[in-house]
Amino acid sequence: MFKFFLDYSGGKEKNGRGPVTDELIRLVLDSGHSSNISVFVLAVALIVMVRPIIAPVVWQGWLAGMFLLFLLKFGAIFCYHGKKKNSEAGIQTCVRAYVFLIFLTGVMWGLGVLLFFKHNAIIEQMAVFFIIAGLTAGAIPILSPLRKLYYAYIAGPLLPFVCLLLHYGGQYYTIMASIMVLYTLMLINSATRVQQSLITSLEMSFANEALVADLRQASEEGEALNLELITENDRRKATEDELVQARDAAEAASRAKDEFLANMSHEIRTPMNGILGTLQLLQDTKMDGVQSDYVKIAYSSAESLLSILNDILDFSKIAARKMVLEDIPFSLQALVQDLVTLLTSQAQAKNVALVAEIDPRVPEMLLGDPTRMRQVLINFMTNGIKFTEQGEVRVVVQCLSAFASRVMLRIEVRDTGIGISEKKQHDLFQSFTQADGSTTRKYGGTGLGLAIVRQLVLLMGGKIGVESVPGQGSVFWCELDFPVAALGAQDEEKKAQAPQAEGVLQGHVLLVEDNKVNQLVAGKMLAGMGLTVDLAENGEKALAALAENRYDLVLMDCQMPVLDGYEATRAFRSREVQGEKRLPIIAMTANAMEGDRRQCLEAGMDDYLAKPVKKELLRKLLGQWLGPVSS
Ligand code: ADP
């Protein structure tokens with residue numbers, strides 16, 4: 001029942017309770033003091049006016065009842081205000097008591113109407129009429145927050161009033177009863193409207209409060225987020241700084257590695273030059289069969305060592321992204337034929353046939369890096385020969401597509417050798433990988449060759465792969481796209497590759513070299529080729545010799561004490577008389593890292609020969625610069 005009086009919206013708030021209901025109850029109880037006093041004053045006023053026609057015991061009893069209600073209502077209000085901060089259950093009890101007392105007050109007023117509205121006592125009737133009208137109208141602002149309580153309250157006096165008037169009957173009382181009914185409807189209407197607007201404004205104010213709370217929360221969350229972002233930003237910056245430091249450290253380490261490699265390369269190549277050179281000189285001396293075999297073994301071992309050194313250098317160059325490819329005209333057919341000629345004896349020694357099959361549509365001249373292309377083919381072919389016990393190794397060059405300016409080639413090296421299991425095929429192109437451990441024992445090798453070849457092919461923008469059946473053979477292939485070189489380039493290349501006379505050379509050569517062994521080896525090689533050789537052990541002495549004598553060619557070491565080869569060349573070129581025939585200066589250096597060749601050319605040298613120097617290569621190069629004398 002109490003819920004019925006307190007439920008403002010018929011269930012908008014859960015269980016008829018919520019902030020709006022609480023507020024409506026608070027409004028009613030807050031104005032409780034004044035309304036209670038007013039009601040009691042009206043009761044007293046009524047008694048004062050009707051007392052002459054009413055028996056004292058009746059009005060005294062009624063007034064006493066009203067006074068009791070007056071006290072109890074105060075009690076309920078005090079209890080409500082006292083409990084407000086404490087228990088919810090206590091508040092409920094106070095509110096219920098107050099609602100009940102209001103209801104009782106209404107009933108008391110009804111009783112008052114019945115007791116004091118006497119037939120034919122016009123003045124007293126007027127008093128009752130006005131007081132009830134005033135009471136019910138005055139209760140609108142006080143009780144309308146709880147509309148249904150208000151209805152119950154005014155029903156207390158008005159219902160008996162109307163009934164009494166109708167009971168008296170007659171025109172006068174009937175009109176009064178009608179007025180009373182109309183008046184009641186008006187009161188109900190006003191109370192409904194007042195409550196409605198009150199509820200609307202309360203709802204809006206609560207919605208606003210919720211909005212403000214939401215906004216505050218959002219702003220707090222925003223601030224927290226902002227703080228988090230700032231912290232995150234700081235963390236990122238710190239990580240970035242760490243990364244930069246790590247990168248700098250890695251770059252420094254990489255530079256140190258490159259320097260180390262360059263130094264190692266130089267340090268190893270210098271004695272290798274001595275070993276290979278001396279062995280080559282030894283081969284030219286008189287030896288018996290056994291001695292000559294020993295020298296051959298020593299020479300081929302030294303060459304293997306050099307090829308491993310080259311592999312490791314290539315590999316680190318690629319890893320450091322320092323491998324730069326050339327783009328010059330070359331003939332793939334000539335390259336393949338060259339390699340077949342070169343490796344035939346190796347294949348024949350194993351009773352394996354080595355053949356080449358070249359698609360006639362392959363253009364004669366392509367643009368690319370012949371040295372690296374040669375490296376790829378040599379790796380495929382030597383592996384093919386190495387891992388084939390009988391049958392053949394076949395190099396097949398197919399033209400996949402040919403346009404006037406570009407050509408797509410597939411180069412395959414097929415063998416009938418031991419083959420590779422499918423499982424191992426995937427890892428073959430990784431560094432230091434061999435098909436199985438026994439391969440190393442039986443065939444040797446570092447497992448770097450294919451890894452380098454793969455990187456080279458990728459650098460050339462191509463694809464690489466293997467197909468193999470164990471026991472039947474393997475096909476190593478690569479597909480490459482080459483620009484077709486313009487006509488005329490062929491002649492240039494032919495000129496460049498023209499075989500030089502094998503015979504004696506003629507000329508006066510200045511050998512600039514600080515290492516005693518290399519002085520001896522190179523000196524003997526040059527003398528053996530028929531050249532006159534002067535020796536200078538550093539750049540300074542070379543400049544002095546050049547000032548005194550006329551030379552046909554200078555072989556210049558790069559790293560030397562006192563004055564290095566670069567400085568000496570620069571100094572010589574700056575003094576060279578314009579218009580005179582240019583003196584060829586050829587670098588002969590153990591600096592085999594990327595950029596060394598460029599550095600030599602920039603210093604004013606004309607060509608470059610990496611140590612260890614091979615006699616035939618040296619002869620060929622000198623032949624190109626000096627020209628042959630006789631065969
Ligand atoms: P390695 O210097 O050891 O030959 P490679 O990278 O050139 O290094 O070759 C790696 C391994 O791949 C070899 O050790 C061998 O097991 C396998 N392999 C390469 N070519 C062939 C082939 N034609 N037939 C069989 N196995 C091969």
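Visitor: By class, how many nonpolar, polar and charged residues does the lining of the second largest pocket have?

Guide: Happy to start there: this is a predicted model, where local features need pLDDT of at least 70 and side-chain atom pairs count only at pLDDT 80 or more, while totals for chains, interfaces and linings use all residues. Residues are numbered from 1 along each chain as its sequence is written, and side-chain values use heavy atoms, with hydrogens and water left out. Ala, Val, Leu, Ile, Met, Phe, Trp, Tyr, Cys and Pro count as nonpolar, Asp, Glu, Lys and Arg as charged, and the others, Gly among them, as polar. Sorted that way, the lining has ten nonpolar, two polar and eight charged residues.

Visitor: Which element gives the largest share of the lining of the second largest pocket?

Guide: This pocket holds about 520 Å³ of space, and R550, Y551, F572, K581 and L583 are the closest to its centre among the 20 residues that line it. Elements giving two or more residues to the lining are α17 (539–548), α18 (565–575) and α20 (615–626). The largest share, four residues, comes from α17.

Visitor: Which cysteine does the disulfide join to C79?

Guide: A disulfide here is a pair of cysteine sulfur atoms within 2.5 Å, and the structure holds one. The S to S distance is 1.8 Å in the pair that C79 forms with C94. The two are 15 residues apart, with C79 in helix α4 (residues 56–83) and, in helix α5 (residues 88–116), C94.

Visitor: Is C94 buried or exposed?

Guide: Buried means under 20% relative accessible area, exposed over 50%, and partly exposed in between, using a 1.4 Å probe and protein chains only. C94 has a relative accessibility of 2%, so the class is buried.

Visitor: How are the rings of F40 and F67 arranged: stacked, edge-to-face or tilted?

Guide: Rings of Phe, Tyr and Trp (its six-membered ring) pair if their centres lie within 6.5 Å; planes under 30 degrees apart count as stacked, over 60 as edge-to-face and the rest as tilted. The structure holds 17 aromatic pairs. For F40 and F67, the centres are 5.4 Å apart and the planes are at 50 degrees, so the pair is tilted.

Terms used
1 Å grid on protein atoms, 1.4 Å probe; cavity = no way out; pocket = protein on both sides within 12 Å on 5 of 7 lines; lining within 4 Å. Points joined across faces, edges and corners; volume = space filled by probe spheres on them.
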